[in-house]
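Thanks for coming. I will go through one structure, starting with a pocket and then moving to the sheet.

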Amino acid sequence: MDLTVLYRGPLASCDYDCPYCPFAKRRDSREQLRADRVALERFTAWAAAQTDDRLSVLFTPWGEGLVRSWYRKALTELSHLPHIRRVAIQTNLSCRTDWMADADPAKLALWCTYHPSQTPYDRFITKCRDLVRREIRFSVGIVGFPAHLAQAHRLRADLPPHIYLWVNAPEGQELSDAEADAWTELDPLFPYSRRPHRSAGLPCRTGESVISVDGDGTVRRCHFVRAELGNLYDGSFRRALLPRSCPLAVCDCHIGYVHLETLPLYDLFAGGVLERIPAAIPPAHLSGTPRA
């Protein structure tokens, strides 16, 4: 089986205080951190044992994972396994980067978000340059608030041309066409993020070749559909994997709508769906792609 697994354990603490994030500066207790570590180690052991499958793993913690040693260890260990196609994590890149010397750069990937109000620009770009030096696959993104535009232009100028700079539309805020055009100049794929995609009844790879797993091993088709497909650790989920249409009216998050079969994103991100790296950044004249 060729399976993509999105893992989200109980970790909810973050070292940043972004005003648009409900988990900003949230602190987990020692008991909660211990539970998260146990859950992650159980998941890592399961992934390591699935040698008859081809796995791609994306960690999508509510909080910041890479400041925790067990996430760094999990990424490192999984990157060396032959049946793991890719292992990636969403991160604010506040962690140190020296641990990546022990990982396989051919398998490890990072989905990095820059938060201008939370970290000095020079610190963030220095870490990006270190990732380039280490030949780690990564993308960099920013939330498309108008106040972030100047910093985003600075990022684009300072990042190597082959590093994709993506932009997420700010949740709950309608951008004008002029504002959207300004973001599309930086990210030609921004039109896919600007508004939610209609998804009800449309075919989606989640629940067939893509699954979401929580710390207890409960398997769902994605993070946004609560119906359970079974459990990871007793194998019951496997019987439930089949082609499915989306039961929700819309899908408004990249980690969800990237798997919609009605969108061309598997072609655009060929080889980099997990870490949000397109096969080639489309030219600006394609930036007017209509929203679904």
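**A pocket and a sheet**

In the second largest pocket, the largest share of the lining, 3 residues, comes from β1. A pocket here is, on a 1 Å grid over the protein atoms alone, an open set of points where a 1.4 Å probe fits, with protein on both sides within 12 Å along at least five of seven lines, and lining residues have an atom within 4 Å of a point. Strands (E, at least two residues) and helices (H or I, at least four) are DSSP runs, numbered from the N terminus.

Before going on: this is a predicted model, where local features need pLDDT of at least 70, side-chain atom pairs count only at pLDDT 80 or more, and totals for chains, interfaces and linings use all residues. Residues are numbered from 1 along each chain as its sequence is written, and side-chain values use heavy atoms, with hydrogens and water left out.

Back to the pocket. 17 residues line it, and T4, S56, R85, V273 and L274 lie nearest its centre. Two or more lining residues come from each of β1 (2-8) and β3 (84-91).

Now the sheet. It is open, with 9 strands in the order β6-β5-β4-β3-β2-β1-β9-β10-β11 and mixed pairing; two strands pair if DSSP finds at least two bridges between them. At the edges are β6 (165-168) and β11 (225-231), each pairing on one side only.
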